[in-house]
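Q: I am new to this structure. Can you show me how to read its features?

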Amino acid sequence: MEGMQVSSKLSAQEMAALNMQVDSFNKSLVVEGRKPSHELGKDDFLKLLITQLSHQDPTKPTDNTQMIAQMAQFSSLEQMTNMNQEFAKMNQMLVSAQGVNTIGKTVDIAIGDTSTTGVVEAVTYGQNPQVRVGNMYYDMKQITAVYGN
């Protein structure tokens with residue numbers, strides 16, 4: 001074994017595969033019970049506010065005007081978040097109602113580069129409502145035209 005030298009270099013293909021595995025693993029990590037995110041939410045905003053208050057200089061406390069402005073921003077953020085959730089629920093209801101209105105009507109459905117035409121026999125509810133045409137279910141997003149019968 002004395003004159004033998006072992007090569008420890010990875011090929012470019014092995015390096016790419018290794019980098020993909022490392023990236024996948026890093027994305028799966030959970031930090032303090034939370035997955036990393038590139039967006040700030042109301043909880044992050046509140047943590048920043050509390051951190052700012054707990055680390056302020058006691059000889060120069062936060063100005064009341066600034067404090068009120070920050071609390072108003074937090075309240076606005078919370079209300080916008082609540083409105084967004086309600087709009088999402090309303091959108092789901094509208095899409096479901098739209099699906100029900102297609103029952104018994106002839107529709108064109110896009111399937112990749114082709115399309116098919118048939119009569120909607122049933123509709124499913126949920127996050128992604130689907131229509132049944134023949135024995136197949138299709139997403140509502142795939143409907144390109146609806147014809148009155």
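The turns below go through strands, hairpins, the core and a surface patch of this predicted model.

Q: How many bridges join β1 to β2, and how do the two strands run?
A: Six bridges join them, and the strands run antiparallel.

Q: Which strands does β3 pair with?
A: β3 pairs with β2 over four bridges, in the antiparallel sense. β3 also pairs with β4 (residues 136-139), again antiparallel and over four bridges. Look at glutamine 130. This residue of β3 stands opposite threonine 124, and also opposite aspartate 139 in β4.

Q: Which residues take a positive phi in the hairpins?
A: Take each hairpin in turn. Between β1 and β2 there are two residues, and glycine 112 has a positive phi near 65°. The hairpin of β2 and β3 has five residues between the strands, with glycine 126 near 120°. In the hairpin of β3 and β4, with two residues between the strands, glycine 134 is near 70°.

Q: Which residues make up the largest nonpolar core?
A: Start with the general idea. Nonpolar side chains tend to be buried together in soluble globular proteins. Here the largest core has nine residues: Val107, Ile109, Val120, Val123, Val131, Val133, Tyr138, Met140 and Ile143. Isoleucine 143 touches Val107, Ile109 and Val131, among others.

Q: What makes the nonpolar surface patch?
A: Met83, Phe87, Met90 and Leu94 make a patch of about 430 Å². Methionine 90 lies in helix α3 (residues 64-100). Its relative accessible area is 44%, so methionine 90 counts as partly exposed.

How values were computed: Residues numbered from 1 in each chain as written. Predicted model: local features only at pLDDT ≥ 70, side-chain atom pairs only at ≥ 80, totals over all residues. Heavy atoms only, no water. Core = buried A, V, L, I, M, F, W, Y, C linked by side-chain atoms within 4.5 Å. Buried < 20%, exposed > 50% of the residue type's maximum accessible area, 1.4 Å probe, protein only. Contact = heavy atoms within 4.5 Å. Patch = residues over 30% accessible without salt bridge, like charges linked within 9 Å, V, L, I, M, F, W, Y side chains within 5 Å. Areas by Shrake-Rupley, 256 points an atom, 1.4 Å probe, with all protein chains shown as cover. Salt bridge = Lys/Arg side-chain N within 4 Å of Asp/Glu carboxyl O. Pairing = 2+ DSSP bridges. Lists of a residue's contacts leave out its neighbours within four places in sequence.
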